[in-house]
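Hi,

Here is the structure I said I would pass on. Have a look at it first, then read my notes below.

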Amino acid sequence: MCNELPPVALLAGGLATRLRPATDMAPKSLLQVAGKPFLAHQLRLLAQEGARDVVICCGHFGEQIEHFAGDGSEFGCRVRYCFDGDSLLGTGGALRHALPMLGDVFFVMYGDSYLPVNFRAVHDRFKALQQPALMTVFRNQGRWDKSNVIFRKGRVVLYEKTLPLAEMEYIDYGLGVLTAACLSSWWENEVFDLGDVYGRLARERRLAGFEATERFYEIGSHAGRAAAEKFLNGVTA
């Protein structure tokens, strides 16, 4: 179908050390939020947005994720799995490893994020701006996490994950669109971070942007998980 959205790579391979001891025996994706494993909320959101093909990049406790989600039919989408292997590859390395399953263009979303944004509008913007990648951003102004993006005239001109600057008002929302070519300079099974990819693309003026208007939710911290719980209780009520 010409209007079908590209696959979504869901990055769910991290150790989630900030949430211990809750993640000592289970992956962050399966923590209970609003009465269900968080992954269930994510997959239903993706299906509602029209994303029918999801590739979960798994590492730590990945077999538990596969056992829970299965083929995805319960959630209205197809789910496949790409495992890091013997050692974690980082968010960028996991994407590079999954390229044979993702194809030339794909969404990427973090496994601890719930993002109330129009995925089709994001994809349409990506196609219209004709850049090799797009980052969805939000005017955070330091409210829910450290802002790490300078966004001007539809383009991410600077992204700095580790050393954010005072003039940064926007934050990486947690959803991007990438072409496989963006990862071509890294080797298969090389360990690297998706932030390295975004940072390079921004410096090269090749990273388009889409501004989301509704805040993001995440379960990467105890405070974030509590906020997501409150929001999702309202959504599922």
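**Helix 1**

In helix 1, the buried residues are Phe38, Leu39, Ala40, His41, Gln42, Leu43, Leu45, Leu46 and Ala47. Before you go further, keep in mind that this is a predicted model. That list covers nine of the eleven residues of the helix, which runs over residues 38-48, so helix 1 is largely enclosed by the rest of the structure. An α-helix has 3.6 residues a turn, so residues three or four places apart point the same way. What comes after helix 1? Helix 1 is followed by Gly50, and the phi of Gly50 is positive, near 95 degrees.

**The largest pocket**

Next, find the largest pocket, which has a volume of about 1,200 Å³. It is lined by 42 residues, and the closest to its centre are Arg18, Lys28, Tyr110, Asp112 and Lys161. Which elements give two or more residues to the lining? They are strand 1 (8-12), strand 4 (53-58), helix 3 (90-102) and strand 11 (170-179). Strand 11 gives the most, with four residues. If you sort the lining by residue type, you get 18 nonpolar, 14 polar and ten charged residues.

**Aromatic rings**

How many aromatic pairs does the structure hold? There are ten. One of them is Phe151 with Tyr170, an edge-to-face pair with 5.2 Å from centre to centre and 65 degrees between the planes. Phe151 belongs to strand 9 (residues 149-152) and Tyr170 to strand 11, so this pair ties together parts that are 19 residues apart in sequence. Both Phe151 and Tyr170 are buried.

**Cysteines**

How many disulfides does a search of the whole structure find? The count is zero. Take Cys57: the closest cysteine sulfur to its own is in Cys82, at 5.5 Å, which is too far for a bond. For a disulfide, the two sulfur atoms would have to be within 2.5 Å. Cys57 is buried, with a relative accessible area of 2%.

Cys182 is in no disulfide either. Its nearest cysteine sulfur is that of Cys57, and the gap is 15 Å. Is Cys182 buried or exposed? Cys182 has a relative accessible area of 8%, so it is buried.

**Two loop residues with positive phi**

Which residue other than glycine has a phi near 55 degrees? That is Gln130, and the value is positive. You will find Gln130 in the loop between helix 4 (119-129) and strand 8 (133-139). Gln130 has a relative accessible area of 68%, so it counts as exposed.

Arg205 is not a glycine, yet its phi is positive, at about 60 degrees. Look for Arg205 in the loop between helix 5 (194-203) and strand 12 (207-212). With a relative accessible area of 45%, Arg205 is partly exposed.

**Sequence distance and space**

Start with Asp104, which sits in the loop between helix 3 and strand 6 (105-110). Asp104 is exposed, with a relative accessible area of 64%. How many residues apart along the chain are Asp104 and Ala181? They are 77 residues apart, while 7.6 Å separates their C-alpha atoms.

Now go to Ala226, which is in helix 6 (residues 222-236). Ala226 counts as partly exposed, at 48% relative accessibility. From Ala226 to Thr213 you cover 13 residues in sequence and, C-alpha to C-alpha, 21 Å in space.

Enjoy exploring, and write back with any questions!

Methods: Residues numbered from 1 in each chain as written. Predicted model: local features only at pLDDT ≥ 70, side-chain atom pairs only at ≥ 80, totals over all residues. Heavy atoms only, no water. 1 Å grid on protein atoms, 1.4 Å probe; cavity = no way out; pocket = protein on both sides within 12 Å on 5 of 7 lines; lining within 4 Å. Points joined across faces, edges and corners; volume = space filled by probe spheres on them. Nonpolar A, V, L, I, M, F, W, Y, C, P; charged D, E, K, R; others polar. Buried < 20%, exposed > 50% of the residue type's maximum accessible area, 1.4 Å probe, protein only. Phe/Tyr/Trp six-rings, centres within 6.5 Å; stacked < 30°, edge-to-face > 60°.
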